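Thank you for making the time this morning. Please have a look at the model first.

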Amino acid sequence: MAYLRFLTFRRSARLYCGGFVLNRSNRIRLAKTGQPPGNLRQGPTTLEKRVASAGEKLNPSRRKLLRLVLENPADTFFLSSRELAKRYNVDAATIVRTIQALGYNKYAEFTADLRAHFVTQITPYAVLKAASEEKRTVSDRIRHGMEMDLRNLQALQSSLNPQKIIALSKQIKRARRVLIVGIDLAAALSWHLSYGLMTLGFNAEAPVGSTGNVQRRVRSLGRQDLLIAISFGQGLRDTVEAAIRAKKLGVPTFGITDSETSPIARICDDSCIASVASPSFGGSYVAPFSLLGTILIACAHTQTERSLELLRRSEEEDRADHRWYRPGNGTESGE
């Protein structure tokens, strides 16, 4: 029974689309058509817009190729240009010319938008199913997962705006209290950021537990506080609702997500994008963790003297603890 309740919670937590909870009729429509009702859609993705605007630049064969790619992003978002060409029985030059017709200069730019398109439909089942259809050994799959981690890091490195991180660090410094909401796998991210901020002397918290616990924390926030919401893909219901509630209360909000079209990016005042694309059903959190590292670096160096003082005290306490437990002082015998 406990396991069934857990599955029910996971299912309800993910029935969220475009900032609205899906009711029964909308879920039926989603199951039948693969698309949410019009008032719940996020709108066309960047890739869909490029395909639409290309118009006559695309001949019938290229339009067919792009239609297949758009309809099956879970099967294609992690493929190289050669692998994509092989999947659709065309040569690599056709792939290059097709993405150039869409206005892309590099294949990496195309795959970045394809990943963003994919996250509007991502589920752990879809990812694992797509990866399982690839003819790879387990060793190859492990290496491929690490390759995706590196690609995500490279994408973050090329797109990161340091000024945005510095602005966020100053906002954290001004905030009376920082509430970081990350649930499910993102809970590790929220805890990591809150622990780092607390180490630097900020009043930061990453609430855990039930929906009520998270929402009560959000209701206690004011305009002098800050909410940081961390969620990917369509966003978990509790995280998205926390951001919505904070906005209604006039609380400044910042999102960490993987697409500019995700609910978190659209709801929060500002956001940073870090891809979690991976052939693994659990996603890749290498890039988000790296992004959190940049935030902590900025926070430490926008108040260097305070950070050094706090870390000095912590170091002295650690040394005192080590002296206390040093062999020869009687502690090893339980005295």
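Asn-152, if we leave out residues up to four places away in sequence, touches Arg-115, Ser-275, Val-276, Ala-277, Ser-284 and Ala-287, where contact means heavy atoms within 4.5 Å. Asn-152 sits in helix α10, which covers residues 138–159, and here, as throughout, helices (H or I, at least four residues) and strands (E, at least two) are DSSP runs numbered from the N terminus. With a relative accessibility of 0%, Asn-152 counts as buried; buried means under 20% relative accessible area, exposed over 50%, and partly exposed in between, with a 1.4 Å probe and protein chains only.

Before going further, a word on what we are looking at. This is a predicted model, in which local features need pLDDT of at least 70 and side-chain atom pairs count only at pLDDT 80 or more, while totals for chains, interfaces and linings use all residues. Residues are numbered from 1 along each chain as its sequence is written, and side-chain values use heavy atoms, with hydrogens and water left out.

As for the chain as a whole, it has 17 helices and 7 strands, and 42% of its 335 residues count as buried. Of the contacts between residues at least 6 apart in sequence, 68% join residues at least 24 apart.

Let me turn to the cores, where a nonpolar core is a set of buried Ala, Val, Leu, Ile, Met, Phe, Trp, Tyr and Cys residues joined through side-chain atoms within 4.5 Å. The largest one has 31 residues, and those with the most contacts inside it are Ile-172, Val-178, Leu-197, Ile-228 and Ile-295. The elements that contribute two or more residues are α11 (162–174), β3 (178–182), α12 (187–199), β5 (226–230), β6 (253–257) and α16 (286–301), and of these α16 gives the most, with 8 residues. A second, separate core of 23 residues includes Leu-66, Leu-79, Ile-95 and Tyr-104.

What does Ile-228 contact, leaving aside its neighbours within four places in sequence? The partners are Ile-172, Val-178, Leu-179, Ile-180, Val-181, Leu-193, Phe-254 and Ile-256.

Val-218 is buried, with a relative accessible area of 0%, and, apart from neighbours within four places in sequence, Val-218 is in contact with Leu-179, Leu-227, Ala-242, Arg-245, Ala-246 and Leu-249.

Now to helix packing. For α12 and α16 the angle is about 15 degrees and the axes are 10 Å apart, the axes being lines fitted to C-alpha atoms, for helices over the stretch in contact, with angles running from 0 to 180 degrees between N-to-C directions. That makes α12 roughly parallel to α16, given that angles under 35 degrees count as roughly parallel, over 145 as roughly antiparallel, 65 to 115 as roughly perpendicular and the rest as oblique. The contact is made by Ala-188, Leu-189, His-192, Leu-193, Gly-196 and Leu-197 of α12, together with Pro-288, Phe-289, Leu-292, Ile-295, Leu-296 and Cys-299 of α16. These residues divide into 10 nonpolar, 2 polar and no charged, where Ala, Val, Leu, Ile, Met, Phe, Trp, Tyr, Cys and Pro count as nonpolar, Asp, Glu, Lys and Arg as charged, and the others, Gly among them, as polar.

For helix α4 (residues 60–71) and helix α7 (residues 92–101), the angle is about 90 degrees and the axes are 11 Å apart, so α4 is roughly perpendicular to α7. Arg-62, Leu-65 and Leu-66 of α4 meet Thr-94, Ile-95, Arg-97, Thr-98 and Ala-101 of α7, and by class this contact has 4 nonpolar, 2 polar and 2 charged residues.

I will end with two loop residues. Asn-89, in the loop between α6 (81–87) and α7, has a positive phi of about 55 degrees although it is not a glycine, and Asn-89 is exposed, with a relative accessible area of 70%. Asp-184, in the loop between β3 and α12, likewise has a positive phi, near 65 degrees, and is partly exposed at 31% relative accessible area.
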